[in-house]
Amino acid sequence: MQSIIALTNDNKTFTNLFYYCTLYGYRFKITGSTEDALAYFAQHRSSVFIVECSDREQNFLKFARHLSPSLSVMAICDGGVDEEVAVLAFKNGADSVLRLPCGSREFYYRLRNFLRLLNLNTGQESVQFITLGPLKIYPQNNQVMFGDEFVPLTSTEFKLLMLFINKLNQIIASEELYLRMYETDELQYTSRVLGVHISKLRHKLKLADIEELDLKNIHGKGYCLTYTGGSRNGDDL
């Protein structure tokens with residue numbers, strides 16, 4: 001069953017809009033709370049957000065886009081708003097914009113085609129992940145789970161984590177980490193900046209609580225992510 005998160009302050013309109021979709025097995029979490037959306041996202045790993053963006057602030061859209069760059073986001077605007085709001089939605093990262101009014105049956109086919117064009121499986125999704133102890137890393141979605149808990153890494157922190165995973169149990173020079181993290185040689189390397197990112201990564205991943213996983217500072221050489229357990233790639237959830 002496809003799980004979709006809908007962020008809106010107009011619950012009634014969205015419930016009516018999704019009516020026909022629910023008859024075909026789609027499951028929606030409709031909420032006006034980003035905290036509720038984040039909790040549902042962490043539990044169900046939904047890959048699609050449908051967001052209301054009828055004003056110029058478009059906070060729901062910005063929240064969804066910031067959460068993970070791999071998410072698919074459909075923005076819905078009130079038909080009474082001007083064209084600039086829809087244009088702004090695209091600028092803020094929406095993959096598709098729908099301007100109401102729209103019947104629930106029409107919306108069902110719009111959503112189905114939206115998912116098809118994005119090559120998403122509308123049934124049970126198969127998600128590749130890497131397991132390191134209690135951590136599950138989803139490279140395709142830029143997501144990390146600690147057990148059943150979602151770990152909110154920034155894009156820079158996730159990139160740093162993947163650099164360590166790709167060279168697991170190997171020492172990586174600090175300068176190389178800095179260069180690959182920012183993908184430019186125009187910034188002057190500073191150990192303090194790198195140290196701050198690594199400190200935050202250790203804290204968010206709760207490495208102090210994982211006996212078999214450690215992120216070590218090798219004095220004068222760089223850093224090394226050591227893992228003494230068995231690691232594997234997973235096929236599904």
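In which loop is Asn169 found?

**Before you click**

This is a predicted model, where local features need pLDDT of at least 70, side-chain atom pairs count only at pLDDT 80 or more, and totals for chains, interfaces and linings use all residues. Residues are numbered from 1 along each chain as its sequence is written, and side-chain values use heavy atoms, with hydrogens and water left out.

Start with the whole protein chain in cartoon: it has nine helices and 13 strands. Those elements are DSSP runs numbered from the N terminus, helices being H or I with at least four residues and strands E with at least two. Of the 237 residues, 43% are buried (buried is under 20% relative accessible area, exposed over 50%, partly exposed in between, with a 1.4 Å probe and protein chains only). Among contacts with a separation of 6 or more, 59% link residues 24 or more positions apart; a contact means heavy atoms within 4.5 Å.

**Stop 1: the five-stranded sheet**

Select β1, residues 3-7. Five of its five residues are buried, so β1 is largely enclosed by the rest of the structure. Show the side chains: Ser3, Ile5 and Leu7 point one way, while Ile4 and Ala6 point the other. In a regular strand the side chains alternate between the two faces of the sheet.

With β3 (residues 48-52), β1 pairs in the parallel sense over four bridges, and Ile5 faces Phe49. Two strands pair if DSSP finds at least two bridges between them.

Zoom out and the open sheet reads β2-β1-β3-β4-β5, with parallel pairing. β2 and β5 (96-99) stand at the edges with a single partner strand each, so one side of each has no neighbour in the sheet. The twist averages 20 degrees from one strand to the next. For the β5 end, pick β4 (residues 72-77): four bridges join β4 to β5, again in parallel, and Ala75 is opposite Val97.

**Stop 2: helices on that sheet**

Select α4, residues 59-67. α4 lies across β1, β3 and β4, running at about 160 degrees to β3. Then try α6 (residues 104-117), which lies across β1, β2, β3, β4 and β5 at about 150 degrees to β4. Axes are lines fitted to C-alpha atoms, for helices over the stretch in contact, and angles run from 0 to 180 degrees between N-to-C directions.

While you're there, look at the loop between β5 and α6, where Pro101 lies. The peptide bond from Leu100 to Pro101 is cis, with omega near 10 degrees.

**Stop 3: α3 against α4**

For the contact itself, show Thr34, Ala37, Leu38 and Phe41 in α3, which meet Phe60, Phe63 and Leu67 in α4. The residues of this contact divide into six nonpolar, one polar and no charged. Here Ala, Val, Leu, Ile, Met, Phe, Trp, Tyr, Cys and Pro count as nonpolar, Asp, Glu, Lys and Arg as charged, and the others, Gly among them, as polar.

**Stop 4: the three-stranded sheet**

Jump to the open sheet β10-β12-β11, which has antiparallel pairing. Its edge strands are β10 (171-173) and β11 (213-218), each pairing on one side only. Neighbouring strands are turned by 25 degrees against each other on average, direction ignored. Three bridges join β10 to β12 (residues 222-227); in β12, Tyr223 is the bridge partner of Ile172.

Helix α7 (residues 155-166) packs on this sheet, touching β10, β11 and β12, and its direction makes about 70 degrees with that of β12. Helix α8 (residues 174-182) lies across β10 and β12, at about 70 degrees to β10.

**Stop 5: two positive phi values**

Back to the opening question: Asn169 is in the loop between α7 and β10. Its phi is near 65 degrees, a positive value in a residue other than glycine. Asn169 is partly exposed, with a relative accessible area of 44%.

Finish on Lys206, in the loop between α9 (191-204) and β11. Lys206 is not a glycine either, yet has a positive phi of about 55 degrees. Lys206 is partly exposed, with a relative accessible area of 30%.
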